[in-house]
Amino acid sequence: MSDGIDFAALAEQLEAVTRTGTDRGRRLLQRRAPGIVAQIRRDAARFGPLSFWGRCRNVDELAGATIVDPGILQLIADIAGRNMSTTSPHAGLQHTYGYLFSRIETPYGFKRERWLETEIENAFGLHPTTMGPAPQHGTLLANIHSAMTW
């Protein structure tokens, strides 16, 4: 349930435009994926789930590669209004919105697949969009956070 967004192609475009800063990336993301921008802002709001998450590493040990392009991570941080290290980013932002724009392939597939496929929702008997980029209710990060606290 990707809301018609080709995340691989958009990630490639975002990587190219964020090399010179996040302004062009912000405009591109707002134009191509306004729902993602709105979700990031909603998660960063006063009572959003960001404060419940720590930091992580931006390296996949099995793939031996950077998980999310640093320019894309900076773009996500800017939209969220957060200072964030691109080597040890906010875990919630990276593991949800960052993974949507990750271009590495791991032995288990692309990182974004967990949020574009519905296996997790099916396993828990949830609506198929609950843990995807276009949830019927909530946001990707808030829904993942809620599921982790069950």
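Guide: A residue is buried under 20% relative accessible area, exposed over 50%, and partly exposed in between (1.4 Å probe, protein chains only). This is a predicted model, so local features need pLDDT of at least 70 and side-chain atom pairs count only at pLDDT 80 or more, while totals for chains, interfaces and linings use all residues. Residues are numbered from 1 along each chain as its sequence is written, and side-chain values use heavy atoms, with hydrogens and water left out.

Visitor: Okay, is Q94 buried or exposed?

Guide: Q94 lies in helix α5, residues 91–100 (helices, H or I, of at least four residues and strands, E, of at least two are DSSP runs, numbered from the N terminus). Its relative accessibility is 0%, so Q94 counts as buried.

Visitor: And which residues is Q94 in contact with?

Guide: Contact here means heavy atoms within 4.5 Å. Skip the neighbours within four places in sequence, and Q94 touches C56, R57, N58, I67, V68, L73, P89 and Y99.

Visitor: Does R27 count as buried or exposed?

Guide: Look at helix α2, residues 23–32, to find R27. Its relative accessibility comes out at 52%, so R27 counts as exposed.

Visitor: How many salt bridges are there?

Guide: The rule asks for a side-chain nitrogen of Lys or Arg within 4 Å of a carboxyl oxygen of Asp or Glu. Going by that, the salt bridge count is 4.

Visitor: How many residues apart are R103 and E12?

Guide: R103 and E12 form a salt bridge, with 3.7 Å between the closest N and O atoms. R103 is in the loop between α5 and β3 (105–106) and E12 is in helix α1 (residues 7–17), so this pair links distant parts of the chain, 91 residues apart. At 38% for R103 and 47% for E12, each counts as partly exposed.

Visitor: How far apart in sequence are K111 and D60?

Guide: K111 and D60 form a salt bridge, their closest N and O atoms 2.8 Å apart. K111 is in the loop between β4 (109–110) and α6 (113–116) and D60 is in strand β1 (residues 59–60), so the pair ties together parts separated in sequence by 51 residues.

Visitor: What is the N to O distance in the E61 and R57 salt bridge?

Guide: Both E61 and R57 are exposed, whereas K111 and D60 are buried. The side chains of E61 and R57 meet with an N to O distance of 2.9 Å.
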